Amino acid sequence: MEKKTSVLIVHNYYQLPGGEDSVVANEKRLLEEQGHKVVLYTRDNKELQGKELLTKLLLPFSAVFNFRTYREVGKLIKEEKIDIVHVHNTLMLVSPSVYYAALRHHTPVVQTMHNFRLLCPGATFYRDGHICEECVTKGLGCAVKHKCYRQSRLQTFLCVLNTWIHRMTGVYGKINYICLTEFNREKLLRINEGKKGKEKKVVSPEKIFVKPNFTFGIGDRDSGKTGVRLGKGYYLFVGRVERIKGIDLLLDAFRKLQDRVLVIAGTGMEWEHYKEKAPKNVEFKGYLQGKKLEELLFGAKAVIVASQCYETFGMVIAEAYAVGKPVIAGNIGNMDWMVEERGTGGTGIKFQYDSSEALIDAIQRFEKTDIDWAGSTYRRYVDEFSPESNYRLLMSVYGRVTENQ
C-alpha cells in the first residue's frame with residue numbers, strides 16, 4: 001500500500017474570521033478523508049488581546065521572526081515525521097520563522113497565496129478607493145508614504161521591513177507557492193521585476209503552481225441529497241462589510257431598486273455604519289456560517305460580488321456554484337475569470353465593477369434571461385471547485401514538490 005503524504009498545516013487566524021479559515025478547514029478535512037496524516041499548527045491574533053505593553057512593543061520583532069513558532073514547528077516536524085509543511089497565513093504570530101524551521105529539517109514548504117502581501121504591504125493592491133500597484137513598479141517605500149497598512153506609517157514601515165528582510169535572506173526563493181488562479185501567478189511573478197528593467201530572483205517561477213480553492217457540496221436538507229433549489233427572490237452578498245468589498249455600491253444600487261431585496265451576510269469594522277445608512281430593502285444578517293449560511297445560499301436568487309479590488313479568489317462564488325446559484329460580479333481581476341457570461345452555458349452576469357448603475361443594469365439583464373443557471377453553475381463547480389478535482393491538483397503539487405526536494 002502506497003504511503004500517504006503526512007502534512008503539517010500552518011495557519012495564523014486574524015482577529016476577524018475570513019475566507020482563509022474556511023480554506024484551511026476544507027483542506028484539512030479533504031486530506032484526512034483521503035487517508036493522509038494531518039497535523040494542524042495554529043496561532044491566533046486574539047492572543048494579543050490583554051497582553052502587557054512590553055509584549056506589544058516587541059510584536060514587530062516577533063512578526064519578523066517568532067522563536068516560539070520556530071521551536072514548536074521544528075518539534076512537530078521531527079516528532080510527527082512530517083513530509084510537507086503547508087502554510088496558509090503567517091501574520092502576525094506565526095511569522096516567516098515557519099519557513100526557516102521547515103528548511104532546517106529539510107522539509108519542503110508550500111505556501112498558499114491568499115493575498116498579495118509579498119508585493120503589497122496592504123495585501124490588496126488597493127488604496128484610497130482605487131487599484132494601486134505602485135509598490136511593484138516603484139518599490140515598497142510607496143506603501144510607507146501612503147500608510148497602506150492600517151493607515152499607520154510606522155506599522156506600514158515595519159511591514160515593509162519584514163518583507164524586505166526575508167527577501168534579502170533569499171527564503172522566498174526556497175519555498176513553493178500555490179496561487180489560486182493564473183492571474184495571481186502572473187502578479188506574484190512581478191516580484192522579480194527590478195527597477196529600470198533589471199530582473200531579480202526573489203521567487204522561482206518553477207516553484208509556483210496554480211490550484212483554486214474548493215468547497216464541499218452542500219447537502220439539501222429538503223431531499224437529503226446534495227443539490228440545488230430555486231431561489232426565493234432575494235439577492236445575497238456574503239463577505240466583510242467594508243468599502244473595499246463594494247458595500248457603498250451595493251447600497252446605492254438597491255436604494256434605486258426598492259422592489260428588490262438584498263441580504264448581507266457578514267461583519268466588519270464598518271458594519272454598524274452601513275446598517276444605519278442602508279435602505280429598508282437591505283437586510284443585515286451578521287456573520288453566518290454552517291447551516292444558517294447554507295440556507296441563505298439555497299434561498300437566494302443570485303449572489304452578488306461587488307469587490308473594488310482584485311480579490312485573490314472568490315470563495316463565495318465557488319460556494320454559490322456548489323448549490324447551482326448564478327453570480328452577478330464586477331469585471332475586475334479574478335472575478336472576471338470566475339464568472340462566465342455567455343449564451344446558455346454561462347454562470348452569471350458581469351458589470352463594470354465601480355458603477356452602481358452598471359450593477360442595476362446587470363440585475364435587470366439577469367432577470368430577463370432564460371438560462372439553466374443551476375445546470376451550468378453546478379457543472380463549473382464539479383469541474384473546477386469540487387473536492388475531487390481539487391485533490392488531484394493538490395496531489396500533483398505535493399508530488400512535484402517532494403520530487404524536487
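The structure described here is a predicted model.

- Asn 176 belongs to strand 7, which covers residues 176–179.
- Leaving aside residues up to four places away in sequence, Asn 176 is in contact with Val 109, Val 110, Gln 111, Lys 207, Phe 209 and Val 401.

**The largest cavity**

- The volume of the largest cavity is about 80 Å³.
- Its lining consists of 14 residues, of which Cys 120, Arg 127, Cys 132, Cys 135 and Cys 148 are the closest to the centre.
- Two or more lining residues come from each of strand 5 (126–127), helix 6 (134–137) and helix 7 (141–146).
- Helix 7 contributes the most to this lining, with three residues.
- By class, the lining of the largest cavity comprises nine nonpolar, two polar and three charged residues.

**The second largest cavity**

- The second largest cavity holds about 50 Å³ of space.
- The residues lining the second largest cavity are Met 113, Asn 115, Phe 116, Leu 119, Cys 179, Asn 184, Leu 188 and Thr 312.
- Five of these lining residues are nonpolar and three are polar, while no charged residues are present in the lining.

Conventions: Residues are numbered from 1 along each chain as its sequence is written. This is a predicted model: local features need pLDDT of at least 70, side-chain atom pairs count only at pLDDT 80 or more; totals for chains, interfaces and linings use all residues. Side-chain values use heavy atoms; hydrogens and water are left out. On a 1 Å grid over the protein atoms alone, a cavity is a set of points where a 1.4 Å probe fits but cannot get out, and a pocket is an open set with protein on both sides within 12 Å along at least five of seven lines; lining residues have an atom within 4 Å of a point. Grid points are joined across faces, edges and corners, and a volume is the space filled by probe spheres set on the points. Helices (H or I, at least four residues) and strands (E, at least two) are DSSP runs, numbered from the N terminus. Ala, Val, Leu, Ile, Met, Phe, Trp, Tyr, Cys and Pro count as nonpolar, Asp, Glu, Lys and Arg as charged, and the others, Gly among them, as polar. Contact means heavy atoms within 4.5 Å.
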